[in-house]
Amino acid sequence: MDSIWTKTAQLPQFDKLRSDLNTDVLIIGGGLAGVLCAYKLAQAGVDYALVEADRIGCGITKNTTAKLTSQHGLIYDKLIREFSVDRARLYLEANQGALEEYRSLCQGMDCDFEETDAFVYSLNDRRKLERELNALDKLGFGAEFATDIPLPFPTAGAVKFPRQAQFHPLKFLAAISRDLRIFEHTKVLELGPGKAVTDGGIISADKIVVATHFPLLNKHGGYFLKLYQHRSYVLALKNAPDIRGMYLDEDEKGLSFRNYGSLLLLGGGSHRTGKRGGGWAELEDFAGRNYPDAQAAARWATQDCMTLDGVPYIGLYSRYTAGLYVVTGFNKWGMTSSMAAASLLTDLVLERKNPYAELFSPSRTMLRPQLAANGLESALGLLTPTTPRCPHMGCALKYNSAEHSWDCPCHGSRFGEDGALIDNPATDDRR
């Protein structure tokens, strides 16, 4: 089940680490966030190295829908209500700044960068859209209300963000990674202060960035409580219409749309990892009813780390881990968030002030309603008297019949039917 990105890009290959190594900064994880961090450190003249247990871009990056936008659902009204106008403005600035960096970097690059508008629609609640528009007005952002939505069902309208963008994530990754100091097929076995033991050698580093999607250390930061994982599904459809933009339902269970060339990328069927959801069957049913001439050219699924408050965790791993940094919890918006994270982490590593450090700090309060839900899922998973169990923290696994995998509803680890690890935070195969 390769994504359309995997089918249409060729990534450079890098050697495995085969000796001990000393470096100023070590980055663990070769997804978009880790590679962008390496790219920015290289631009700043910093001595760095990046290690990836498999191949770069082989995790969540290859399965994104690759929307470059600061419109992350109806988030700005929520940020103003739960934080403040100033924090909402910082979030908007960080992501708009990331979009502009992509716009600049992609000039002359073969990565199918395309400027387009982004829309968040509602099926039946215009008031939600109006509240979001009022919030954006307070932030001084020129969003618009749209009524002419080229989707095959009626809506209450949409919030339009002009001049956003979309691209080919793996072509972009290939272009920026080619000259970087990267070691593939190099798995971190043990992580300690200033040191990472890998299966190819021991790496000593003054500072370490953990960019492994779900953080790999349980004993610091409480990420097993601060995060949960969410799966969603995509069909790439031939003989479907050009919808002229990027569209997302404000409802978490709704659908998303964007075009790539002659294909329509239809997303949805989402659910918490380890729970039941619509999956590809929901998308196939929708396509059959609304685009009867369409045919699936590819299908794939992705998995996202969700934070307690909808804002990523970027910064010091915890208050007690000097020199150890983390980036995680993109809440389905990994493209601009990865760029913003790379900029922030570069500043932190170089001990420069960054206006977004407090906003994204992983040490901010955990007192959010989602914390209780995460704790309850963990307790249920631990107390369920079934096998097999997840090697991460011992929760009972649930069988995912759509993807033929065993999934953990506690923290989102996934395993093949043969027990092979598919998704972290587990670091070993299921026995």
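A: Happy to! Let's start with the second largest cavity, whose lining is made of Tyr91, Asn95, Pro312, Ile314, Ser337, Ala340 and Phe360. Please keep in mind that this is a predicted model, in which local features need pLDDT of at least 70 and side-chain atom pairs count only at pLDDT 80 or more, while totals for chains, interfaces and linings use all residues. Residues are numbered from 1 along each chain as its sequence is written, and side-chain values use heavy atoms, with hydrogens and water left out.

A cavity here is a set of points, on a 1 Å grid over the protein atoms alone, where a 1.4 Å probe fits but cannot get out; lining residues have an atom within 4 Å of a point. Grid points are joined across faces, edges and corners, and the volume is the space filled by probe spheres set on the points. Helix H4 (85–105) and helix H9 (334–349) each give at least two residues to its lining. Helices (H or I, at least four residues) and strands (E, at least two) are DSSP runs numbered from the N terminus. Sorted by class, the lining of this cavity has 5 nonpolar, 2 polar and no charged residues; Ala, Val, Leu, Ile, Met, Phe, Trp, Tyr, Cys and Pro count as nonpolar, Asp, Glu, Lys and Arg as charged, and the others, Gly among them, as polar.

Over the whole structure, the search finds 2 cavities of 30 Å³ or more. The largest cavity has a volume of about 50 Å³, and its lining includes Lys67, Met246 and Trp333. Strand S4 (114–121) and strand S12 (246–249) each contribute at least two residues there. This lining divides into 7 nonpolar, 2 polar and 1 charged.

Now for the cysteines. A disulfide is a pair of cysteine sulfur atoms within 2.5 Å, and the count comes to 1 disulfide. The bond links cysteine 395 and cysteine 410, with S to S at 2.3 Å. Cysteine 395 sits in the loop between helix H11 (369–383) and S18, and cysteine 410 in the loop between strand S19 (405–407) and strand S20 (414–416), so the bond ties together parts 15 residues apart in sequence. The torsion about the S-S bond is about -105°, so this disulfide is left-handed. Cysteine 395 and cysteine 410 are both buried, meaning under 20% relative accessible area with a 1.4 Å probe and protein chains only.

Cysteine 111, in contrast, is in no disulfide; the nearest cysteine sulfur, in cysteine 106, is 3.5 Å away. Cysteine 305 has its closest cysteine sulfur, that of cysteine 408, at 12 Å, too far for a bond.

The strands just named belong to a sheet. Two strands pair if DSSP finds at least two bridges between them, and 4 strands form an open, antiparallel sheet in the order S18-S19-S20-S21. S18 and strand S21 (421–423) are at the edges with a single partner strand each, so one side of each has no neighbour in the sheet. Within the sheet, 3 bridges join S19 to S20, and tryptophan 406 stands opposite phenylalanine 415 in S20.

Notes:
Buried means under 20% relative accessible area, exposed over 50%, partly exposed in between (1.4 Å probe, protein chains only). On a 1 Å grid over the protein atoms alone, a cavity is a set of points where a 1.4 Å probe fits but cannot get out, and a pocket is an open set with protein on both sides within 12 Å along at least five of seven lines; lining residues have an atom within 4 Å of a point.
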